[in-house]
Amino acid sequence: MSTVWTPGSASRMPEPTPETTPETAEVFARVAASRGWVSNLLKSLGHAPEALARFSALGHYGRYGNALSERQRELVIVIVGRGIAYAWAHHAPLARDAGVTEAELAAIQDGRTPDGLSPADKALCDFVFAFTSFAGIPDPVWTALTAAFSPREATDIAMLAAYYLAAGSLIIGLGVKVEPPEVLAIERAWQQQPRIGDQVVAKTG
């Protein structure tokens, strides 16, 4: 199966193809080189290739270029995506692979910061829950975040949460469909490839 043009309807949008939208093919190829495949979310943006290129570039930074650990990145993402089936199908397995436990995932789905976290992870989770509430960040939450993370790291947490809020809105608004397990496996395998910085350096298997 091509990692660029996977079969099946991605969303309520008409399906872009290399024949109907040739200008999109180049962007899809860049996305696949960056992420190992093109998800239904990104396919759904294929009729606006410039928007797709810019949006996917921010997502690439959030996933592979920021200053957070993989566990911390996935904690941010599953908190933002906890109520969206598409996001949960993609990122709960990746969070498990990054060391997030079933008890922690269950707490996040219940809308609360898990018990027993390190001070840094607790500060991160408290911040992202507040961030996604659109009610402002309480001073104690901000104080804990900035005590545990550098300004660069705190900015990366906020940027990652903001990207996935946008992604969640697109998923809901465009009716993006969850890929079948064999296609989701492409993403999970890609996450396990060795990297230097944000670039894959070798492919295994």
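Visitor: Which residues of H5 are buried?
Guide: In this predicted model, the buried residues of H5 are Tyr86, Ala87, Trp88, His90, His91, Ala92, Pro93, Leu94 and Ala95.

Visitor: And what do they pack against?
Guide: Helices H2 (40–43), H3 (49–65), H4, H6 (102–109), H9 and H10 (181–191).

Visitor: Where does H5 bend?
Guide: At histidine 91, by about 30 degrees, and proline 93 follows within four residues. End to end, H5 (residues 85–97) reaches 19 Å from first C-alpha to last, close to the 18 Å expected for its 13 residues at 1.5 Å a residue.

Visitor: What about just after H5, which residue has a positive phi?
Guide: Glycine 99, at about 100 degrees. Glycine 99 is also among the residues that arginine 71 touches.

Visitor: OK, arginine 71 then. Buried or exposed?
Guide: Buried, because its relative accessible area is 18% and the cut-off for buried is under 20%. Arginine 71 sits in helix H4 (residues 70–80).

Visitor: What does its side chain make a polar contact with?
Guide: The side chain of glutamate 104, at 3.1 Å. Leaving out residues up to four places away in sequence, arginine 71 touches Ala98, Gly99, Val100, Glu104, Leu117 and Asp121.

Visitor: Switching to rings. How many aromatic pairs are there in the whole structure?
Guide: A search finds four. One of them is phenylalanine 127 with phenylalanine 131, a tilted pair with 5.6 Å centre to centre and 45 degrees between the planes. Both lie in helix H7 (residues 119–131), four residues apart, about one turn of the helix.

Visitor: Which other residues of H9 are buried?
Guide: Besides Tyr163 and Tyr164, the buried residues of H9 are Ala154, Asp156, Ile157, Leu160, Ala161, Ala167, Gly168 and Ile171.

Visitor: How far does H9 reach?
Guide: H9 (residues 151–174) has 24 residues and spans 34 Å from first C-alpha to last, close to the 34 Å expected. Just after H9, glycine 175 takes a positive phi of about 65 degrees.

Technical notes:
Residues are numbered from 1 along each chain as its sequence is written. This is a predicted model: local features need pLDDT of at least 70, side-chain atom pairs count only at pLDDT 80 or more; totals for chains, interfaces and linings use all residues. Side-chain values use heavy atoms; hydrogens and water are left out. Helices (H or I, at least four residues) and strands (E, at least two) are DSSP runs, numbered from the N terminus. Buried means under 20% relative accessible area, exposed over 50%, partly exposed in between (1.4 Å probe, protein chains only). A polar contact is a pair of N or O atoms within 3.5 Å; within protein, one must be able to donate a hydrogen and the other to accept it, and residues adjacent in sequence count only if both atoms are side-chain atoms. Contact means heavy atoms within 4.5 Å. The expected span of a helix is 1.5 Å times one less than its number of residues. The bend at a residue is the angle between axes fitted to the seven residues ending there and the seven starting there. Rings of Phe, Tyr and Trp (its six-membered ring) pair if their centres lie within 6.5 Å; planes under 30 degrees apart count as stacked, over 60 as edge-to-face and the rest as tilted.
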